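Let's take a friendly walk through this fold, starting with its sheet and moving on to its helix.

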Amino acid sequence: MDAELLFRKRIALSETKFVEMAVWKYPSLYEGARMGSNTDSRLVAEGVCVLRYDNESGKGDHKHIEEVEMAYRFTGLDSLQADFWQDVEIWRAKQ
């Protein structure tokens, strides 16, 4: 299924840490997609993804904090970004 990339941004936080966010639009809904879109936001540190918010076929909306995966209730892109950045700051404060 061909998707249209609507947004992609990579933000360097340090020499070894970065955030990458992306939103795709799908021509038709698939299981796990909301409103015909898919999102992926991640924090990568030292080459390892340590935080990720995404939605994928069969799983729906969820987030990963290091090795732990948990459900995430998507209410909109603005709240998703706010929640993601809050988790980024929490993770960074623990380092």
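## The sheet

Six strands build an open sheet in the order 1-2-3-4-5-6, with antiparallel pairing. Strands (E, at least two residues) and helices (H or I, at least four) are DSSP runs numbered from the N terminus, and two strands pair if DSSP finds at least two bridges between them. Strand 1 (4-12) and strand 6 (68-71) are at the edges with a single partner strand each, so one side of each has no neighbour in the sheet. On average, neighbouring strands are turned by 15° against each other, direction ignored.

Strand 4 (residues 48-56) and strand 5 (residues 60-65) pair in the antiparallel sense over six bridges. Y53 has K63 in strand 5 as its bridge partner.

## The model

This is a predicted model: local features need pLDDT of at least 70 and side-chain atom pairs count only at pLDDT 80 or more, while totals for chains, interfaces and linings use all residues. Residues are numbered from 1 along each chain as its sequence is written, and side-chain values use heavy atoms, leaving out hydrogens and water.

## The helix

Helix 1 (residues 77-94) lies across strand 1, strand 2 (17-25), strand 3 (37-45), strand 4 and strand 5, running at about 15° to strand 3. Angles run from 0 to 180 degrees between N-to-C directions of axes, which are lines fitted to C-alpha atoms, for helices over the stretch in contact; contact means heavy atoms within 4.5 Å.
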